[in-house]
Amino acid sequence: EWAGLYTGLSPAVVSTFISQGIYFYFYQAFGDLAISNGLKLDAIGSLCVASLAGSVNVMLTNPLWLIVTRMQTQQPNQTARPSFVRATLEILEEPQGFLGFWKGVVPSLLLVSNPAIMFMVYEPLYAACKRSLAKGERVSSRTVFVIGAVAKLVATILTFPILVIKSRLQMSPNPNNTSAKASSPSIRTVVRSVVRENGGGIFGLLGLYKGLRAKILQTVLNAALMVTLKD
């Protein structure tokens, strides 16, 4: 049973490796291009370069992450989760064909804003802590860790509904409904479906935050450690 928690791990690791490689390649390329054109890569400039690199990365790796998502989910009519090849073929067999590999790409592009939000929260908090110290004194690693965790927490809470919508868009279509429209729901349709499943009304919107706790444990600690090591 525990092995089920690691379904799709191998392609997820490979996709992460490829995704990080693409991101850092384009980050370096866009950064060099900006510098060669006389632009200064300050904090805002670096953020813009990171956003561009992130957007290119999303466009190139969305098919991989869609396949991984399909491998990690199982429809009621399936006896087992699909393999990499089976998941790929299932996507190609859907009405969208090859373009179906870019399901959920719009929410994925919106998620590029997550680091930007974290940055906007982190920098003022870090500056405030630095102002409270004596001249020449460094902000402690513990403080940096806490600030990084708070900043990532805020960014995660604000963007988590987008992640839920993206996951819903990338899930296998309902086997009981074979229409083209049903196999490719819009963002509005997904939001309405989540709200309806969770009782409707304002409280139904809380369904967009299902799984938030696990995501916080995954991303907040990682981000806090990253900014601490960077500092």
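## The chain as a whole

Of the 231 residues in the protein chain, 37% count as buried, meaning under 20% relative accessible area with a 1.4 Å probe, protein chains only (over 50% is exposed, and in between is partly exposed). This is a predicted model, where local features need pLDDT of at least 70, side-chain atom pairs count only at pLDDT 80 or more, and totals for chains, interfaces and linings use all residues. Residues are numbered from 1 along each chain as its sequence is written, and side-chain values use heavy atoms, leaving out hydrogens and water.

The protein chain has 10 helices and 0 strands; helices (H or I, at least four residues) and strands (E, at least two) are DSSP runs, numbered from the N terminus.

Let's look at one pair. Helix 6 (residues 141-170) packs with helix 10 (residues 212-230) at an angle of about 140°, and their axes lie 8 Å apart. Axes are lines fitted to C-alpha atoms, for helices over the stretch in contact, and angles run from 0 to 180 degrees between N-to-C directions. Helix 6 is therefore oblique to helix 10, since angles under 35 degrees count as roughly parallel, over 145 as roughly antiparallel, 65 to 115 as roughly perpendicular and the rest as oblique.

## Cysteines

How many disulfides does a search of the whole structure find? The search finds 0, a disulfide being a pair of cysteine sulfur atoms within 2.5 Å. Cys48 is partly exposed, with a relative accessible area of 45%, and Cys129 is partly exposed too, at 24%.
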